[in-house]
Amino acid sequence: MIIEMKKFNIKAAIGTVLMAAFLLSCSDILDEQPRSKYEPSYFRTNAGVQAGLISLYENLRDIYGQAYYYNTLETGTDEYTYAESADDNFKVMDMTGLVELNGDESRSDVLWGACLKNINTANGIIENAEAAGSLSEALISEARFFRAFDYFQLVQTFGGVPLDLGSGELKFNSNPVSVTTRNTVPEVYTRAIFPGLKTAVENLPTVGRVKGGVTQTLARLILSKAYLTYAWWLENPNNIATYPETDRVDPDGHDAAWYYQQAYEVASKGIAEPGDFHLMETYYDVHLGSNDRNAEVMFYADRDESSEEYNGSSLTYSGAGTGDNCAVWMVTWNYTNIRSTTTSGGDYTFSSVQREAVQEYGRPWTRMAPTIGAIKNTFSDKTNDSRYDGTFVTTYTSNWQKNPDSKDVEEVYNANDLSVGMNQPILTFLPEDIDGITYPNTNAEDISGCGAGIIAGRSDYVIAPSAISRLRYPGLWKLGTYRTDNGDGLGSPNGASTRPFNIAKFSELYFIAAEAAVKGASTANGMTARQLINEIRGRAGKWRYDNHNRTEKIQDNSQAMKDATPETITIDYILEERSREYFGEGYRWFDLIRTQKWEQVASTYQICGRGRGDHEIETFNRTIEKYYYLRPIPQGELDKMEMTQAEKDALQNPGY
């Protein structure tokens, strides 16, 4: 998509103006721009359609990698809680009563505004593109895909949303609106999501029109996931309320079992006819920065290291605003607090691990921390399974000579007053709890700067899984910074990530088909739930690099991984596997609300405290009310509506 984006400056020319959609007060913006350019006639030209499509791709950046929206998908699950430097944006999502979740505090407002803007752009293309003449249905189906995809994100998050943005159902609206009506969940699925995705499957190419462009296989992935999610909604095993209120009856007369079967068949077709997509040989290769945009990644919000204009944010400094790819900052602890000394027996004041623009490090914000349970239980097998090693940063090595101010320092003294050279471990997160670790009781006793422990004979500080705290925890390697312009120095670690933010992967087709099979779908030979899951687990057993030890590791544990798979696959086991596969990638909240397992899986968690001397495990309980399964409509958008207070209240989800 980088080449295509360079042809149009969409953000300046069109993207911001097409916000004349539901609940978005855009009159000031519209007055500032040539209004005629954004009338339906603009989409009746080849240039208008091309510009609109590029806008849809570009605007993915407003959602994916956006730090505060990312937080809503992870904080409050079994994967993440708030960290030492968290503000209310993060504490509110933890569900531990620190901040009340309501329409003013929920950061799902990011999704609400961006998706409705994009839907209106897609409406303009779909409604008017035929008049442009020579455009193929494949091109128009890209817009159909985006409209359906955005509605799918909205309906999972908020429940029913409006299909009429002001000019009629699924019609382009060029004027601000101040009244609206929400459609029901079945109406959104059967009128907007399923028809758009089915048409996209029929007409999209097997190979993307451009690098990163939408394809038939991607449309099958999202369609199968929509079928699966809607089937769960129809079944409603835990009696979760929906809104607007409606009977859980499909307008087309199908039951949940029918939709589970459709999910299985569409996902299976995607596996059988993958186009250019396939599973990578190792899990490590899926997430290695130098291997971005690989054959397993089907959809991503793209970035560009070579230009701020086409990157969508500064290359040297960003403030985690809309459009900045800063999600990984939130889950990065302040490793720069680690201290060593430059003289034996000296004062421990030297920064031996400095902020660097590499995949292991990057900019630390310490806003989100993984739970102890995630480290110890989700990733219980750290020997055969490569996914723990391919997910986290567990070794922090010395890099001080890359800073010109300390390039002449040859060695430092660390734990046990032992010397450490460049590129050697300074601090290690151990894979298991072991005896023999001495932790400091007070800050005065703490030479490490972060409350890390010491083991006799080791020069690196150590932290066992049970000592993971809101202050110190393994970073998220898989989303880490990757730059090619660092030279011999530390680079630009304060710039937002220039890596694409992955949205959809080929591997998920296996999980969707397996989940549908567990829910009763009839399976084909070789495609049972266990066989599908074992394709993923077998791959996870293959190693080619050891991140923890920063060294090559050629090892095949795939058979051991497959042998350890339960004979009977359950939804609980699929959720465990999904967390191992997609940890920290923004899948978890959607997985837990789809299966209605949020309270069961995440209602309690353990972590140590916020201080350097906090090494005692604390247990926290979350209150996950049933109405939390829908996020609140942003209150600021409701306030813009010219409706009575009673009418506004009726638009808000119950409980808020």
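**Entry 1: helix α8**

I began with helix α8 and found it mostly covered, with 20 of its 22 residues buried. Here buried means under 20% relative accessible area, exposed over 50%, and partly exposed in between (1.4 Å probe, protein chains only). I took helices (H or I, at least four residues) and strands (E, at least two) as DSSP runs, numbered from the N terminus.

The model is predicted: local features need pLDDT of at least 70, side-chain atom pairs count only at pLDDT 80 or more, and totals for chains, interfaces and linings use all residues. Residues are numbered from 1 along each chain as its sequence is written, and side-chain values use heavy atoms, with hydrogens and water left out.

I then checked the length of α8, residues 137-158. At 1.5 Å a residue its 22 residues should span 32 Å, and the end C-alpha atoms are 31 Å apart, which agrees. The expected span is 1.5 Å times one less than the number of residues. After α8 comes G159, whose phi is positive, near 90°.

**Entry 2: aromatic pairs**

I searched the whole structure and noted 49 aromatic pairs. Rings of Phe, Tyr and Trp (its six-membered ring) pair if their centres lie within 6.5 Å; planes under 30 degrees apart count as stacked, over 60 as edge-to-face and the rest as tilted.

I looked up Y70 and F501, an edge-to-face pair with 6.4 Å centre to centre and 80° between the planes. Y70 belongs to helix α5 (residues 67-74) and F501 to strand β13 (residues 501-505), so this pair links distant parts of the chain, 431 residues apart. Both Y70 and F501 are buried.

Next I recorded Y227 and Y259, a tilted pair at 5.8 Å centre to centre and 45° between the planes. Y227 lies in helix α10 (residues 216-235) and Y259 in helix α11 (residues 256-272), so the pair ties together parts 32 residues apart in sequence. Y227 and Y259 are buried. They belong to a cluster linked by ring pairs, whose members include F152, Y189 and W233.

**Entry 3: charges over rings**

The charged end of R248 sits over the ring of W233, 4.5 Å from its centre. The criterion is NZ of Lys or CZ of Arg within 6 Å of the ring centre and within 35 degrees of the ring normal. I also found R363 over the face of W329, at 4.5 Å from the ring centre.

**Entry 4: a sheet**

I traced an open sheet of three strands in the order β7-β10-β11, with mixed pairing. Two strands pair if DSSP finds at least two bridges between them. The edge strands, β7 (395-397) and β11 (461-463), each pair on one side only. Three bridges join β10 (residues 425-429) to β11, and these strands run parallel. L427 has Y461 in β11 as its bridge partner.
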